[in-house]
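Biologist: Could you take me through this structure slowly, and tell me what lies behind the words you use for it?

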Amino acid sequence: MPKLAAFPKAYMQALCKDGSMKLAEWFQLATTLDVDGLEFYAGFLELADPANWPLLRTQVEDLGLTIPMLCCSPDFTHPDADFRDAEIAKQKRWIEMTHTLGGSYCRVLSGQRRPELTRDQGVRLAADSISACLPFAQQHGVTLILENHYKDDFWEYPEFAQAMEVFCDLVAAIDHPNFGVNYDPSNAFLAGDDPIELLKRVSHRVVTMHASDRYLIEGTLEDLRREEGGAVGYAKRLSHGEIGKGLNDYDAIFGELAGKGFDSWISIEDGVEGIDQLRRSADFLRGKIAQYWPAV
């Protein structure tokens, strides 16, 4: 049966930029949720010092939770080889961080969709860079998970492999036992793709999932795509929504995953309106998990 983790989407600025919230405060909030673990983000300020890594793991485990996943955003599509080498080095450090935190899954991305980059160039640069990290990941018992992503909170351009065809090309270019897919259904909508079609194309390689729902505050997806490049972070018209109340068909999603024998981690990306919203999303997902993975 899949296990649930929570990601502090509502507190990213406080935990990653201004330091107005400590991870211990987030941990305490998370104990009020029906979850099994906490997904970490590599940009948490308290992770800058490696001495904190085992201490944070102990804090979480003392609360009866684990840290299964680390969310990272390497930028492997930069045209400069020295820049990419530095990103590979960062990814290896994040793999070490994942291992020390007790996790098994570490996210990778392709990189930013820079205007001068062709499809073939981007796939090659990203595949080569991810492949360069995989032996190191294997040594540490960590699986690298490629997400069909929209845009990192602190990036200027959207994800290079945002579109389904490009994403599938990149997944197909990497064959390694310590590599898999982190599926996020909401991001497929933002790429103009059908999330169920994407899932069916990669479900045999899905090893983790981000559970989310999205809606547009105003305008259309076409408006969003016109404004998504050239500004840091998410477009203002985009918002995360409570899971189960957005565009995603979780019956179709969980039906496909259950049919493929998926039994790994589902991490909740929700709660931008507060812990109560995150709690409702967790309860919704628990109900769906019980429906599609009934106890034997």
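**Strands, sheet and pocket**

Modeller: In this predicted model, strand β3 runs parallel to strand β4 (residues 69–71), and 2 bridges join them. Within this pair, Y41 has C71 of β4 opposite it.

Biologist: Why are β3 and β4 called paired?

Modeller: Two strands pair if there are at least two bridges between them, and 2 bridges join β3 to β4, so they count as paired.

Biologist: What makes β2 and β3 the edge strands?

Modeller: The open sheet has 9 strands with parallel pairing, in the order β2-β1-β11-β8-β7-β6-β5-β4-β3, and β2 and β3 (40–41) are its edges because each pairs on one side only.

Biologist: How do you know that β1 pairs with β11 and with β2?

Modeller: Pairing needs at least two bridges; β1 is joined to the parallel strand β11 (residues 265–270) by 6 bridges and to β2 (residues 37–38), also in the parallel sense, by 2 bridges, so both count as pairs. Among the partners, K3 is bridged to W265 in β11, while A5 stands opposite G37 in β2.

Biologist: Why is strand β1 described as mostly covered?

Modeller: A residue is called buried when its relative accessible area is under 20%, and 5 of the 6 residues of β1 (residues 3–8) are buried, so the strand is mostly covered.

Biologist: Which residues are closest to the centre of the second largest pocket?

Modeller: That pocket has a volume of about 210 Å³, and of the 14 residues that line it, Y41, S73, K90, W94 and W155 are the closest to its centre. Helix α4 (residues 81–101) gives the most to this lining, with 4 residues.

Methods. Residues numbered from 1 in each chain as written. Predicted model: local features only at pLDDT ≥ 70, side-chain atom pairs only at ≥ 80, totals over all residues. Heavy atoms only, no water. 1 Å grid on protein atoms, 1.4 Å probe; cavity = no way out; pocket = protein on both sides within 12 Å on 5 of 7 lines; lining within 4 Å. Points joined across faces, edges and corners; volume = space filled by probe spheres on them. Buried < 20%, exposed > 50% of the residue type's maximum accessible area, 1.4 Å probe, protein only.
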